[in-house]
Amino acid sequence: MILPIHPQTPQRRHLERVAELLRKDGVIAYPTDTLFGLGCLAHRKKAVDRIFAIKGRDARKPMSVLCGDFEMLCRYTRHLDTPTFRILKQLLPGPYTVLLPASREVPRYLESKGKAHPIVGLRIPDHPFCIELVKLLGEPIITTSCNFAGEPPMTSAWEIEEVMGHALDLVVDCGEPVGVGSTIVDLTGEEPLLVREGAGPWPV
């Protein structure tokens, strides 16, 4: 089912409807400032597992966490030093995913291993629907591109509904993203490291 929502001023009643669905372990497709994403509440493992199954994605490849503001983002990473925080203020809200040391609030199934400490990918997209929804929820949602593993991302609500709608609880039609993935920047080391070029320019 497709739910049309105003892209600049999302209607409160529609936001509440989506929030209620997510609180019941729902999975949605929704636009961000980069691509359409698949999302659910980050702390609902049952729903997160549904997204892995829908995408056919390797569960060892963690998905990113979408926050509504810096206060929420700071809950999901360890203490931020001043230089790192300054970089974050330049990048966010915007078309970037930042890799940071994960705090204890990050569920283990969303952590990336391989360094001294677990890592988490965090986003604050420059998109009214995303920000207003997550603020209403009071907790973050998952963000991962809306596609089957190894295939190009889908580019419209109608395409998503036709191809993937049977597996989703809702498709949000709230404007079309730019169609390019987020720029991924690793901020876990002494210097910022570009991991993937995307919609956000680098360096800033």
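## Terms and model

Contact means that heavy atoms lie within 4.5 Å of each other. Helices (H or I, at least four residues) and strands (E, at least two) are DSSP runs, numbered from the N terminus. The model is predicted, so local features need pLDDT of at least 70 and side-chain atom pairs count only at pLDDT 80 or more, while totals for chains, interfaces and linings use all residues. Residues are numbered from 1 along each chain as its sequence is written, and side-chain values use heavy atoms, with hydrogens and water left out.

## The sheet

Ten strands form an open sheet with mixed pairing, in the order E1-E8-E2-E3-E7-E4-E6-E5-E9-E10. Two strands pair if DSSP finds at least two bridges between them. Strand E1 (2-4) and E10 stand at the edges with a single partner strand each, so one side of each has no neighbour in the sheet. From one strand to the next, the twist averages 35°. Axes here are lines fitted to C-alpha atoms, for helices over the stretch in contact, and angles run from 0 to 180 degrees between N-to-C directions.

Within the sheet, E2 and strand E3 (residues 36-39) run antiparallel and are joined by four bridges. Pro31 stands opposite Phe36 in E3.

## Helices on the sheet

Helix H1 lies across E1, E2, E3, E7 and E8, and runs at about 145° to E1. H5 also packs on the sheet, where it touches E2, E4, E7 and E8. The direction of H5 makes about 130° with that of E2.

Which residues of helix H5 (residues 128-137) are buried? They are Phe129, Cys130, Ile131, Leu133, Val134 and Leu137. Buried means under 20% relative accessible area, exposed over 50%, and partly exposed in between (1.4 Å probe, protein chains only). An α-helix has 3.6 residues a turn, so residues three or four places apart point the same way. The buried residues of H5 pack against helices H1 (12-23) and H3 (70-75), and against strands E2 (28-31), E4 (64-66), E7 (141-145) and E8 (170-173).

## Backbone details

Most residues other than glycine have a negative phi, and most peptide bonds are trans. Asp25, in the loop between H1 and E2, has a positive phi near 65°. Gly138, which follows H5, has a positive phi near 75°.

Two peptide bonds are cis: Leu92 to Pro93, with omega near -5°, and Trp202 to Pro203, with omega near 0°. Pro93 is in the loop between helix H4 (82-91) and strand E5 (96-101), whereas Pro203 is in the segment after strand E10 (193-196).
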